[in-house]
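Here are my comments on the model, arranged as numbered points for someone who will read them beside the coordinates. Please take each point together with the cut-offs stated in it.

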Amino acid sequence: MLITVFKSVRRPHGERVDVGLASFVQAERRRSREPLKADGFSLATFHGDHRKLENVEAVSMLGLDIDDGHALDEVAVFCSRWRGLLYTTKSHRPDRHRFRVLLGLSRPVSGDDYRHIWHAARQVFAEQLHHEVDGQTSDPSRFWFHASLPAAGAPVVLGLDGAP
């Protein structure tokens, strides 16, 4: 799957990377043991590799940010039918779970299609899991920080081996 990596959230010019899910999960596991850094990635590719909403070419994964404190384990079991990864964020705490869910799409999609898929996924999470998904993640050009060491507790990075 193609993603774009960036040296900083403030530097909109990135580099396309074709990454396999297993290597992506391994890289995030390594990073989850380090303090948060300024670099990150986007689930999209961009015209001219310049991160900007109107430059989105294609999006290869669905990204969801869960900050409502619900149980990570419950979401991991629910999402295990899909291919992707789940990782805790810097603000994750043992008593207040905060994490990201990145799910592979069966094919790259346009930015408009991504938004439709994202809204459908948000509805599923609300209806079936009673979880609120952060609305900012509907932006197909979104910058995602890598996994990092949480302020409290141990980091979690899980590979999901289901179907895209």
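1. Helices (H or I, at least four residues) and strands (E, at least two) are DSSP runs, numbered from the N terminus. This is a predicted model, in which local features need pLDDT of at least 70 and side-chain atom pairs count only at pLDDT 80 or more, while totals for chains, interfaces and linings use all residues. Residues are numbered from 1 along each chain as its sequence is written, and side-chain values use heavy atoms, with hydrogens and water left out.

2. On the largest pocket. A pocket is, on a 1 Å grid over the protein atoms alone, an open set of points with protein on both sides within 12 Å along at least five of seven lines, whereas a cavity is a set of points where a 1.4 Å probe fits but cannot get out; lining residues have an atom within 4 Å of a point. Grid points are joined across faces, edges and corners, and a volume is the space filled by probe spheres set on the points. The largest pocket holds about 210 Å³ of space, and of its 14 lining residues L62, W82, L103, I117 and A121 lie nearest its centre. Strand 5, strand 7 and helix 3 are the elements that give two or more residues to this lining, and the largest share, five residues, comes from helix 3. With Ala, Val, Leu, Ile, Met, Phe, Trp, Tyr, Cys and Pro counted as nonpolar, Asp, Glu, Lys and Arg as charged, and the others, Gly among them, as polar, the lining divides into twelve nonpolar, two polar and no charged residues.

3. On the charged pairs. A salt bridge is taken as a side-chain nitrogen of Lys or Arg within 4 Å of a carboxyl oxygen of Asp or Glu, and the count comes to seven.

4. R122 forms a salt bridge with E132, the closest N and O atoms being 2.7 Å apart; R122 lies in helix 3 (residues 111–129) and E132 in the loop between helix 3 and strand 8 (144–145), so the pair ties together parts that are ten residues apart in sequence. R122 is partly exposed at 27% relative accessibility, and E132 is partly exposed at 45%. R16, D49 and E57 are linked in a network of salt bridges.

Technical notes:
Buried means under 20% relative accessible area, exposed over 50%, partly exposed in between (1.4 Å probe, protein chains only).
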